[in-house]
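Open the model in your viewer and keep the selection panel handy.

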Amino acid sequence: MGDATDPPEPAGRPGGIREPDPTLGKPAKPFAPEPVAQPRQTRSSPSAAPTSHAASRSSEPRSSEPRASEPRQPRIRRQRVVLAEPSRSSTSLRARVELEEQTSWGELLIKDLVKVQLRTAVLLGLLVLAVLCAIPAVFYAVPAVTELRLAGIPLPWLLLAVAPFPLMFGVGLWYNRLAERRERDFVNMIEN
Amino acid sequence: MQVNPWALVSVALVVTVTFYLGHRTSRFARSTHDFLVARRTVRSRRNAAAIAGEYISAASFLGVAGLVLKEGADALWFPIGFTAGFLALMLLVAGPLRRSGAYTLPDFMEARLSSPALRTASTWFVVFIGVLYLLPQLQGAGLAMTMIMPAPAWAGSVLVTVVITYNVMGGGMRAITLLQAFQYWFKLFAIAAPTFVLCAVFVSGGAGAPGSAGSLDEPAPPNFAARTAVTVDTDVTLSVDAPTRVHVDNGSGGAGWTTWQAGSPHTVDAGSELTFPEGSAVPTVDQAKSANLDWLLPSTDLTGLLSTYSLLLALLLGTMGLPHVLSRFYTNPDGKAARRTTVQVLLLLGLFYLFPVMLGLLSRMFVPELLITGDTDAAVIALPTAMLSGVAGQILAALLAAGAFAAFLSTASGLVSSMSGVIATDLLAGKVRDYRVASVGVAGVALVLAVTLPIDDLALSVGMSFALGASTFAPLLVLGIWWRRLTWLGAMVGMCTGGGLVLLAVVLNAVSAHTGGWAPWLVQQPALVTVPVAFGLTVLVSTATSSRVPEDVGAVMLRLHAPDPLGFMRDRAVQRFGRAEEHTRTTQGRHRK
């Protein structure tokens, strides 16, 4: 668990930096084909043209951005790669437009996402709540439990002062993992 | 009352460092965007420390140990509930709330339900909850000040108010983020180090060692280890479990030894001095548990069970209704970071709350005389000097006092900044100058109230603001985020009814406290009724007014729930007030780079 931008997103844009970043001079556009097309560019460039690239520029063989440093030959080739897969980016664009335009399909997608996220949250919440509420209920139903001891410390103190905190942190960690996986799946589905 | 020079120095250091950090980071704050949400650039690790630092208030630092001293096992529900609130916040609110792009709680309400009336109503509730939460912080600062130096109680309140108002005025959220993160780690150190030392002292001395008031498992109440004199500052009613010899000097001539019998209450006037011989049982203020065995075991009657559930519900849902906690989530870059922040907060809080509980246990053994004055919030600071004589005890007490001041400063600055944000953007024009005016106004009003109103138990009056948050904003947030058919009318009715019921309970509680304490547990812990009523009414009225469901609900839900990489998030603060860069271009360059 680290900062928000620590791990690079597998399919995201460079660094996962979005609108609020102060280093971006102008406000981001609502949605543009550019961020969709860009991953294809960066992803395909090392695999598609490693040999010719290394031959033409032996000084920096591992650079994935020949466009900035070298304006001549590779730029033309790069554009050809982008044009090679127009159909995929346009379906991805269509999926975003459907989300944005609230078509019945787009709305269904979001409703499903909301439903599954809510179900996870409620189930995990109920799990913790059931455990916490069971503690005083057990004390009420079986008062003898309150007099048990574990290593000299009364059981109620262990159950109330120590045990709930790892439980809650663990559930929080678990939910975070589940929710992030859902969102990653959703983004992959939209972009492919 | 002897002056502890170490405590004076350490508190002065904390105040100076706070002042300096705030002053330094203020230089980078220029626009409304900076003041409201710190430009939304706070990463999850720092924001988690800042949230934990802001959340660990006087109620946690001093109040939890005091409640453990007084009520024993039942008080352990406070730390559990304080932490569980963040779990609920994470599961149901954190990510979508950040993605809404709102910059205050009322702004979220308007973004979701597009109702200016609801926005205005929630503005007032935010201010009310904020002031209710700010009062115990300022009063606690006064109380802590009187314990370390011969100063009137208002001096501490004024000191804290001046420092935080300066910082909030200077840089708003931008200035207090670093401050609060620093103060979390400082508070953790300031409570952990003395706890380790005192536990080591206790273990090496063994239970029942000289100076302690007997082992905790004895069925009898704790005893005084030596002849002890206690000065009573307010009128109290004490009770004893066994006949106790006591010397009463009521300050106006009447003095002499009497024997208090068990079973009947004994009234002691303010200004009296009580002296107990060595080995006599410690009497307790009414409502506190006198015998150790009652104290050690959780209550097992039905009233105890229900009021425990009620407290748990209030703390669980109340955390998401606290405006200063929510306003910190708007500073994360995106929804994913907001969720990660909350996970880390769970860890940081769980770590912290181990220590006040242990200090509470120790104080039951070493400073039982606080049960007589009812001044149990002082337990944490009084404990080190009671256990360790000489400079060592004084240094530990100084560290704890400094931690308590850090708690007052960080919580109060969070409250003032979130309330100023709400007032500046909703009641004023939302410019930086309005923000500064609002912060001075809020801090001034709170200071006047804190100095004039009587002091209650720290954790309990904070408990009421949790109940208020749980009955007003929690239903709106949860239903607004997850339920498409919410209407502004339903939200308004639910919020006002829930808030009204809690306020009724507050009034009844105050009346009953002055007329013999007849109020049942439900009035002291009203959440078990008010929260379901608020939720139910919101759903009912929304269903009845389904024609008023906002037309853009689909777009709003998309924005709240679509994963961040899809880029549907819109920052409402930027839309309304512009970015920092644009702002500096249009104003004179008054601030240094």
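**Stop 1: where the two chains meet**

Select helix 8 of chain A and helix 5 of chain B. From helix 8 of chain A, show Pro164(A), Phe165(A), Met168(A), Val171(A), Gly172(A), Tyr175(A) and Asn176(A); they meet Pro79(B), Ile80(B), Thr83(B), Ala84(B), Leu87(B), Met90(B) and Leu91(B) in helix 5 of chain B. Contact here means heavy atoms within 4.5 Å, and helices (H or I, at least four residues) and strands (E, at least two) are DSSP runs, numbered from the N terminus.

Before going further, note that this is a predicted model, in which local features need pLDDT of at least 70 and side-chain atom pairs count only at pLDDT 80 or more, while totals for chains, interfaces and linings use all residues. Residues are numbered from 1 along each chain as its sequence is written, chains are lettered from A and ligands numbered from 1 in the order in which they are written, and side-chain values use heavy atoms, with hydrogens and water left out.

Now look along the pair.

**Stop 2: helix 5 of chain B by itself**

Keep residues 77-92 of chain B selected. This helix has 16 residues and reaches 22 Å from first to last C-alpha, close to the 22 Å expected at 1.5 Å a residue; the expected span is 1.5 Å times one less than the number of residues. How many of the residues of helix 5 of chain B are buried? The count is 16 of the 16, so the helix is largely enclosed by the rest of the structure. Buried means under 20% relative accessible area, exposed over 50%, and partly exposed in between (1.4 Å probe, protein chains only).

**Stop 3: the annotated spans of chain A**

An unreviewed UniProt entry annotates both as "transmembrane region"; UniProt positions are given in the numbering used here, feature names are shortened, and annotations may be inferred rather than shown by experiment. Residues 121-142 of chain A are 95% helix and 0% strand, with end C-alpha atoms 31 Å apart. For residues 154-175 of chain A the values are 86% helix and 5% strand, with 32 Å between the end C-alpha atoms.

**Stop 4: the cores**

Show Leu99(A), Tyr55(B), Phe61(B), Phe86(B) and Phe408(B). These have the most contacts inside the largest nonpolar core, which has 205 residues. Helix 16 of chain B (residues 391-426) gives the most to this core, with 19 residues. A nonpolar core is a set of buried Ala, Val, Leu, Ile, Met, Phe, Trp, Tyr and Cys residues joined through side-chain atoms within 4.5 Å.

Centre on Leu99(A). Setting aside residues up to four places away in sequence, Leu99(A) touches Gly106(A), Leu109(A), Ile110(A), Phe186(A) and Ile190(A), together with Leu558(B), Leu566(B) and Phe568(B). Another core, of twelve residues, lies apart from the largest one and includes Val240(B), Trp260(B), Leu274(B) and Val282(B).

**Stop 5**

Is Thr18(B) buried or exposed? At 1% relative accessibility, Thr18(B) counts as buried. Thr18(B) sits in helix 1 of chain B, residues 5-26. Beyond residues up to four places away in sequence, Thr18(B) touches Val163(B), Asn167(B), Leu179(B), Gln183(B) and Leu409(B).

Next, pick Thr497(B), in helix 19 of chain B (residues 488-514). Thr497(B) is partly exposed, at 27% relative accessible area. Leaving aside neighbours within four places in sequence, Thr497(B) contacts Val533(B) and Leu537(B).

**Stop 5: a loop with positive phi**

Finally, find the loop between helix 2 (32-37) and helix 3 (44-55) of chain B, where Ala38(B) lies. Phi of Ala38(B) is near 50°, a positive value in a residue other than glycine. Arg39(B) is found in this loop between helix 2 and helix 3 too, with phi near 60°. Ala38(B) counts as buried at 3% relative accessibility, and Arg39(B) counts as buried at 13%.
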